[in-house]
Amino acid sequence: MFDPVTLKLNVDPLILSALKEDITSEDVSANSIIKTNKLGEVDLICKQDGIICGLQVFERAFTLLDDKIKVDLFVQDGEQVKNGQLLAKVIGDIRVLLCAERTALNYLQRMSGIATYTYSVVSLLKDTKTKLLDTRKTTPNNRIFEKYSVRIGGGNNHRYNLSDGVMLKDNHIGAAGSVENAIKLAKEYAPFVRKIEVEVENLDMVKEAVSAGADIIMLDNMSYEQIKQAIEIIDGKAEIEVSGNITKENISKLTDLGVDYISSGALTHSAPIMDISLKNLHTV
């Protein structure tokens with residue numbers, strides 16, 4: 001759950017922006033059939049098995065429009081839910097229920113889909129020391145929701161944004177001229193409390209990163225055999241992250257390597273939504 005400060009400063013403005021995108025002036029459909037305030041109730045129903053996530057955001061999509069809306073939740077973020085399960089009831093002005101319905105569901109379906117997919121990948125790393133990380137491959141203006149969903153699914157967050165940590169990728173190295181020089185420059189500039197991570201693509205770069213004193217070495221798009229050789233070269237002198245087109249379908253090939261981290265952009269850019277609906281709207 002988002003804390004009150006984060007909710008007010010960073011989450012609410014994004015939800016309001018999404019609501020404004022869907023309602024530029026009025027909800028013509030709702031206003032054409034409902035002329036005055038009518039109290040109504042609608043059921044939130046899960047239509048497939050998975051991990052529910054985003055209930056607080058779902059609720060805010062309604063209450064930011066009308067603080068009198070009441071959302072009775074029967075589950076909490078992180079719970080496993082089943083097809084056909086009643087997750088909540090939303091009660092309030094029917095016009096507001098109709099106005100916020102799509103935005104609220106878009107958040108809940110997307111966040112639950114990411115949590116569910118992450119959970120399925122994390123389960124493949126069970127009984128290993130390897131932590132599953134997300135990436136910055138997120139939907140613009142939805143990163144705070146998507147990275148939260150990864151945590152709810154049992155994954156871990158890599159850096160939140162460019163201000164959050166030093167990560168030297170191929171183009172940084174190209175700009176600096178070499179792995180060694182990129183790390184040297186980063187150490188001179190970055191605060192001493194920041195770890196320095198460097199992305200490498202071959203064994204020569206691995207050797208250079210170890211020699212230059214990188215804190216974390218990311219092995220990017222390397223073969224299984226190359227990763228094994230890189231682990232021997234690093235020999236505990238740096239933490240090891242493996243990355244590069246890793247999905248639920250191929251991650252099992254890496255589970256016996258004993259690396260510290262595996263990062264996967266698929267957690268946020270390829271997770272399917274969870275099918276969830278608001279049904280049975282009626283007056284009360």
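Colleague: Which strand is Ser 277 found in?

Modeller: Ser 277 is found in strand E12, residues 276-283. Helices (H or I, at least four residues) and strands (E, at least two) are DSSP runs, numbered from the N terminus. This is a predicted model, where local features need pLDDT of at least 70, side-chain atom pairs count only at pLDDT 80 or more, and totals for chains, interfaces and linings use all residues. Residues are numbered from 1 along each chain as its sequence is written, and side-chain values use heavy atoms, with hydrogens and water left out.

Colleague: Is Ser 277 buried or exposed?

Modeller: Ser 277 is buried, with a relative accessible area of 12%. Buried means under 20% relative accessible area, exposed over 50%, and partly exposed in between, with a 1.4 Å probe and protein chains only.

Colleague: And what does Ser 277 touch?

Modeller: Leaving out residues up to four places away in sequence, Ser 277 touches Asp 43, Leu 44, Ile 45, Lys 47 and Leu 105. Contact means heavy atoms within 4.5 Å.

Colleague: Switching to the six-stranded open sheet. What is its order?

Modeller: The order is E6-E11-E10-E9-E8-E7, with parallel pairing. Strand E6 (131-133) and strand E7 (166-168) are the edge strands, each pairing on one side only. Two strands pair if DSSP finds at least two bridges between them.

Colleague: What is the twist from one strand to the next?

Modeller: The twist averages 25°. Axes are lines fitted to C-alpha atoms, for helices over the stretch in contact, and angles run from 0 to 180 degrees between N-to-C directions.

Colleague: How many residues of E8 are buried?

Modeller: Five of the five, so E8 is largely enclosed by the rest of the structure. Ile 196, Val 198 and Val 200 are buried on one side, and Glu 197 and Glu 199 are buried on the other.

Colleague: What do those two glutamates in E8 stand opposite?

Modeller: Glu 197 stands opposite Met 167, and Glu 199 stands opposite Met 218 in E9. E7 and E8 pair in the parallel sense over three bridges, while four bridges join E8 to E9, also parallel.

Colleague: How many bridges for E9 and E10?

Modeller: Five, again in the parallel sense, between E9 (residues 216-220) and E10 (residues 239-243). Ile 217 has Ile 240 in E10 as its bridge partner.

Colleague: Which strands do H7 and H8 lie across?

Modeller: H7 (residues 179-189) lies across E7 and E8, running at about 165° to E8. H8 (residues 203-212) lies across E8 and E9, with an angle to E8 of about 165°.

Colleague: And how do H7 and H8 pack on each other, at what angle?

Modeller: The angle is about 30°, with the axes 8 Å apart. H7 and H8 are therefore roughly parallel to each other; angles under 35 degrees count as roughly parallel, over 145 as roughly antiparallel, 65 to 115 as roughly perpendicular and the rest as oblique. The contact is made by Val 179, Glu 180, Ile 183 and Lys 187 of H7 and Met 205, Glu 208, Ala 209 and Ala 212 of H8.

Colleague: Last topic, backbone. What is phi for Asn 141 and Asp 235?

Modeller: Asn 141 has a positive phi of about 70° although it is not a glycine. For Asp 235, also a residue other than glycine, phi is near 50°.
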